[in-house]
Amino acid sequence: MLLAMITGTTIAVAQDISGNAMLGKMKPEERYPFVAGVIEGLAYARYVAGGKDSQGMYCIYDWFYKNDKTYDTIHAALAKFPDHPPASVISALAKKKCGAE
């Protein structure tokens, strides 16, 4: 099932994992799920790093899912730092909002 969801565009981005590749090679409708996956990874990593304290995890979730402007902020940051991996750019923004463990 998962393999059926992977597109050639996603594979191309995985081979060149940068903000530039994401914005330039991914279809617009593929970007949000990709970013949401990064958010899930960051939130879980924060949960584990915090000794299974969910406060930091929920801060990341709330920052992304409850603020309509966050996705636009992420998109702008990826455009500003096109040579950086998307996860590192998104992580920096989440740390700015929610602190770090």
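User: Ile90: buried or exposed?
Analyst: Ile90 is buried, with a relative accessible area of 0%. That is a value from a predicted model.

User: Where is Ile90 found?
Analyst: In helix H7.

User: What does Ile90 touch?
Analyst: Not counting residues up to four places away in sequence, Ile90 touches Val35, Val38, Ile39, Leu42, Trp63 and Ile74.

User: Which other residues of H7 are buried?
Analyst: Besides Ile90, the buried residues of H7 are Pro86, Val89, Ser91, Leu93, Ala94 and Cys98.

User: Take Ala94. What is its relative accessible area?
Analyst: 4%, under the 20% cut-off, so Ala94 counts as buried.

User: And what does Ala94 touch, leaving out residues up to four places away in sequence?
Analyst: Ala94 touches Leu42, Ile60, Trp63 and Gly99. Leu42 and Trp63 are also among the residues that Ile90 touches. Tyr61 is 33 residues from Ala94 along the chain, and their C-alpha atoms are separated by 9.6 Å.

User: How far does H7 reach from its first C-alpha to its last?
Analyst: H7 has 13 residues and reaches 18 Å, close to the 18 Å expected at 1.5 Å a residue.

User: What follows H7?
Analyst: Gly99, with a positive phi near 75°.

User: Switching to disulfides. How many are there?
Analyst: The count comes to one disulfide. Cys59 and Cys98 form it, and their sulfur atoms are 2.1 Å apart.

User: Which parts of the chain does the pair link?
Analyst: Distant ones: Cys59 is in helix H5, residues 55-65, and Cys98 is in helix H7, residues 86-98. The two cysteines are 39 residues apart.

User: Left-handed or right-handed?
Analyst: The disulfide of Cys59 and Cys98 is left-handed, because the torsion about its S-S bond is about -90°.

User: OK, H4. How does its span agree with what 22 residues should give?
Analyst: The end C-alpha atoms of H4 are 32 Å apart, and at 1.5 Å a residue its 22 residues should span 32 Å, so the two agree.

User: Which residues of H4 are buried?
Analyst: Glu30, Arg31, Val35, Ala36, Val38, Ile39, Leu42, Ala43 and Arg46. Val35, Val38, Ile39 and Leu42 are also among those that Ile90 touches.

User: What about Tyr47, where does it lie?
Analyst: Tyr47 lies in H4 as well, a helix that covers residues 28-49. Its relative accessibility is 23%, so Tyr47 counts as partly exposed.

User: What is Tyr47 in contact with, leaving aside neighbours within four places in sequence?
Analyst: Lys52, Asp53, Ser54 and Met57. Tyr58 is 11 residues from Tyr47 in sequence and 8.8 Å from it in space, C-alpha to C-alpha.

User: Which residue just after H4 takes a positive phi?
Analyst: Gly51, at about 70°. Lys52 also has a positive phi, near 65°, and Lys52 is a residue other than glycine.

User: Where is Lys52, and is it buried or exposed?
Analyst: Lys52 sits in the loop between H4 and H5. It is exposed, with a relative accessible area of 61%.

User: Now the whole chain. How many helices and strands?
Analyst: Seven helices and zero strands.

User: What percentage of the residues is buried?
Analyst: Buried residues make up 35% of the 101 residues in the chain.

User: And how much accessible surface?
Analyst: About 6,400 Å², with 58% of that belonging to carbon and sulfur atoms.

User: Last one: of contacts between residues at least 6 apart in sequence, what percentage joins residues at least 24 apart?
Analyst: 55% of them.

Key
Residues numbered from 1 in each chain as written. Predicted model: local features only at pLDDT ≥ 70, side-chain atom pairs only at ≥ 80, totals over all residues. Heavy atoms only, no water. Disulfide = S-S within 2.5 Å. Helix = DSSP H or I, 4+ residues; strand = E, 2+ residues; numbered from the N terminus. Buried < 20%, exposed > 50% of the residue type's maximum accessible area, 1.4 Å probe, protein only. Contact = heavy atoms within 4.5 Å. Areas by Shrake-Rupley, 256 points an atom, 1.4 Å probe, with all protein chains shown as cover. Expected span 1.5 Å × (residues − 1).
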